[in-house]
Amino acid sequence: MTDRLRLESFWTPAKDGQPLAYELRLTNGSRHSLQDFRLCISGPDRIDPAATIEGGTLAVRLSNHAEFTPPEGFVLGPGASWTLTARGLSYPLRHWTDGATGAYLVLADGSVRRISVEPTRAVGDNAPLKRGAELYPVPTVAPVAISLIPWPRQVEVSGSLPAPTGLDLRLEGEAATVAAAAFADLTTSLFPVEGIVRPAAEGGFPVKLVARDGLGPEAYAIAFAADAATVSASTGTGFLYGLITLGQIVRGARQHPATFTFPASGEIRDEPSLGWRGCHLDVARQFYASAEVEKFLKILAWNKLNRFHWHLSDDESWRVEIDAYPQLTEIGGWRGHGLPIPSLLGSGAQKTGGYYTKAAIRKIVALAGRLGIEVVPEIDVPGHCYAMLQALPQLRDPGEHGEYFSVQGFPNNCLNPAREETYHVLETIFDELIELFPFKVIHVGADEVPIGAWSGSPQALLRLGELGGEALAKAHAKRLGVVTNTHGADEIDGSGAALLQAQFLKRIQAFLASRGCVTGGWEEAAHGNVIDKTKCYLNGWRNVEVSAALAGEGYDMVVNPGQVYYLDMANSPEWSEPGAAWAGWSSPEKLYGFDPVEGWSDAQKKHFLGVQCCIWSEPMTDRAVFDRLIFPRLSALAETGWTLPERKSWPRFSALAGLMPVLYGLA
């Protein structure tokens, strides 16, 4: 008998009139009996507060954190098991990562015991659970002779040279020098033993970097000859992209010489089809150390992605150092038993989390700049602020009563737009952020504010009465699908919350504009239609139709529909795949073939900035799950952003995808 506790969980969907069942089975592998304890679990799914619990009681529920107690007098003896069955969840489980991913026991004396957690099993489904990036073997015969993702605009090459052992970079000018240094660092980090950059004395093939006017800011050209290759560009980013292209061609020819070649002659002329080719990373639900973020940026650059949307705050945590308010990271940066923010999403009893110091952020932003990537920080307001409000409770209306809940189950999680303190704090925070992020695009979230937000706040009611304009709020709430009801002076419903949020965002945007910044927001930032369209852009996340409608109203749009471009969604509907399912699922091929502007008019397309995938981190407790969900779909998105639609080819892409790097390399 091992001295440990083990939690198993089993999912049975509703079927043939039988209700769904989520069964938790705790086995005592120790030599001691246990009683008067609480079982604490967390994971992506959430127990419904009104769920029927068989075998115990739901004592505490905060979002996905749940605490259960056994029946009075219950004793869990050595080798024995205790079974709980919950009949009621926030959504049905669809994949093995939906269930509990972390658990611990709280004993009567307040001490905690670690619990080993097994992946949730679907009753009747015994398929092996999938982790690690999906393998795409390189075929013996590929549709193309060179290995390259994303595919260029124009490729006219011929002949074949023996695969070079590496590239000897010969520089001309400052832009080329900076790009060459960035490329050398990039390849050493991603492929440390391959020696892609090496001098002629070690067999490096000569590569000349030559400035050429008239090329776009991200464009490049490569001329191949038997004795050298020449990369032409007008900017450092153009040079870097040209070198990345050469690096990929060399890797393919060296690793698969029977399939790919290194050209002896000809030219590649290339530039991106879209200006915004982005990836969002949620570091609030799961924390990623600076080294992880830095390597991920290098993978983005290898895919020629040029925007990094850094989601730094949410209900679950606050991740950026702010000098004026150290409580934000002292309290908001950490989760665990007995802390203001409990264990969530599998984080366990121990104190878990972290944050980015200003020094770390400056280093990351500088690296991104060398890699041609602009960094967009996001502080999500006014909703998704549970962690922030735990750290700064003085921002709440002291007269507020009652509760409203976010869709994720967090109570009263919105900054109050009627309190002047809210704006003072946010303006101070944004001033510190602006100093860290030179791109001067600040994303403010603005998504998923609950319909009942601020309904118990006297200050919000007073402010709403001063604003009036119920008809305006109703019209724009309806336009974006927000349910509304008629409200009087003593209540706030969907239209009232939308109006308060609109005025809040109008003021925040005006402040950011006064600092020379563009404001980013999720599509809900259009509520009220009051923000300045010339100084903002929106991320359309629900579907292409909403994005098209907002583009038609004059909003600049980055398209990232959850059904396709949310990379936390599973690769298929199979239980054995990890990931979420609330927006559906998207295979690499489905994502690759998706048209982000299908059905858009020419007028709407004038406001189409580009595409972005989003990595929401709820299921990423297991980093092998990260690799499974992100790769090769990240590269598929990159090709949508770079390659002309008529140049795309799934057979070609799938033949080359196996050569692209992944973050962790875990199975």
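Me: What should I know about the numbering and the model before I start?
Reply: Residues are numbered from 1 along each chain as its sequence is written, and side-chain values use heavy atoms, with hydrogens and water left out. The model is predicted, so local features need pLDDT of at least 70 and side-chain atom pairs count only at pLDDT 80 or more, while totals for chains, interfaces and linings use all residues.

Me: Which strands close into a barrel, and in what order?
Reply: Strands of a sheet pair through backbone hydrogen bonds, either parallel or antiparallel. Strands here are DSSP runs of E with at least two residues, numbered from the N terminus, and two of them pair if DSSP finds at least two bridges between them. In this structure 8 strands close into a barrel in the order S19-S20-S25-S26-S27-S28-S29-S30, with parallel pairing. Strand S20 (residues 307-311) is joined to strand S25 (residues 374-381) by 5 bridges, and tryptophan 310 has proline 377 in S25 as its bridge partner.

Me: How many residues does the largest nonpolar core have?
Reply: In soluble globular proteins, nonpolar side chains tend to be buried together. A nonpolar core is a set of buried Ala, Val, Leu, Ile, Met, Phe, Trp, Tyr and Cys residues joined through side-chain atoms within 4.5 Å. The largest one has 174 residues, and Phe68, Phe296, Trp310 and Met388 have the most contacts inside it.

Me: Is serine 313 buried or exposed?
Reply: Buried means under 20% relative accessible area, exposed over 50%, and partly exposed in between (1.4 Å probe, protein chains only). Serine 313 counts as buried because its relative accessibility is 3%.

Conventions: Helix = DSSP H or I, 4+ residues; strand = E, 2+ residues; numbered from the N terminus.
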